[in-house]
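I opened this notebook page to record what I looked up in one structure. The entries run from the whole chain to single residues.

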Amino acid sequence: NLAISQTELIDLRAQVQELQTLFNYTQSTNTHGRLARVLARSKSDEGTILIDFGEFDGARSGLAVIVEGGHILGSIEESNAFSSVVRLLTDDQSKVPAAIYSDERTIGLIEGQDGFLLKLNYVTQDQPLAPGQIVATSGLDGSLPTGLIIGVIDTVIKEERAPFQSALVRPLFDA
């Protein structure tokens with residue numbers, strides 16, 4: 001019984017810490033958010049999850065799904081009354097307008113790679129890209145807010161004669 005109680009205590013402490021982190025994030029930004037739990041992960045298509053946040057709660061297609069600290073996990077693809085399907089950033093069908101966090105002029109498109117890394121595409125050759133730079137949402141699509149953290153540039157891919165350069169981006173949160 002003592003071992004079971006200790007395990008429950010550890011789980012409850014972790015939940016309280018997560019809730020405190022989310023509360024602190026919502027207090028420090030002007031973003032209005034709601035908590036949701038992951039109900040399921042798609043077996044056939046690993047790029048989606050099901051959450052317990054639906055149209056009854058205000059869910060609609062295109063809303064950002066974020067985790068602690070303002071890191072974007074994906075966006076709502078479809079919803080019904082009490083649940084929603086979330087397309088994760090790592091899915092190969094996911095495309096999100098992005099910018100370098102410290103320089104919103106460096107604009108590109110984050111595309112999922114069906115794995116852990118993302119790809120930042122369509123960045124003009126004259127824009128400086130370097131490993132370690134933080135990539136965030138640019139807000140150019142109108143549905144996702146500006147400044148949600150996507151990840152960190154891992155590798156820059158630059159071809160001399162190509163009009164654009166690209167980069168592999170390591171998400172800060174493992175979906």
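**Basis.** I worked from a predicted model, in which local features need pLDDT of at least 70, side-chain atom pairs count only at pLDDT 80 or more, and totals for chains, interfaces and linings use all residues. Residues are numbered from 1 along each chain as its sequence is written, and side-chain values use heavy atoms, with hydrogens and water left out.

**Whole chain.** I found one helix and 11 strands in the protein chain; helices (H or I, at least four residues) and strands (E, at least two) are DSSP runs, numbered from the N terminus. Along the sequence the order is α-β-β-β-β-β-β-β-β-β-β-β. I noted that 34% of the 175 residues count as buried, meaning under 20% relative accessible area with a 1.4 Å probe, protein chains only.

**Strand 11.** I asked which strands pair with strand 11. Strand 8 (residues 118-124) pairs with strand 11 (residues 164-171) in the antiparallel sense over five bridges, where pairing requires that DSSP finds at least two bridges between two strands. Within strand 11, Ala167 stands opposite Leu120. Strand 10 (residues 149-157) also pairs with strand 11 in the antiparallel sense, over six bridges, and Thr155 has Leu168 of strand 11 as its bridge partner. I recorded strands 10 and 11 as a hairpin with six residues between them.

**Pro128.** I located Pro128 in the loop between strand 8 and strand 9 (134-137). The C-alpha atoms of Pro128 and Ile100 are separated by 9.6 Å, with the two residues 28 apart along the chain.

Definitions and conventions: Buried means under 20% relative accessible area, exposed over 50%, partly exposed in between (1.4 Å probe, protein chains only).
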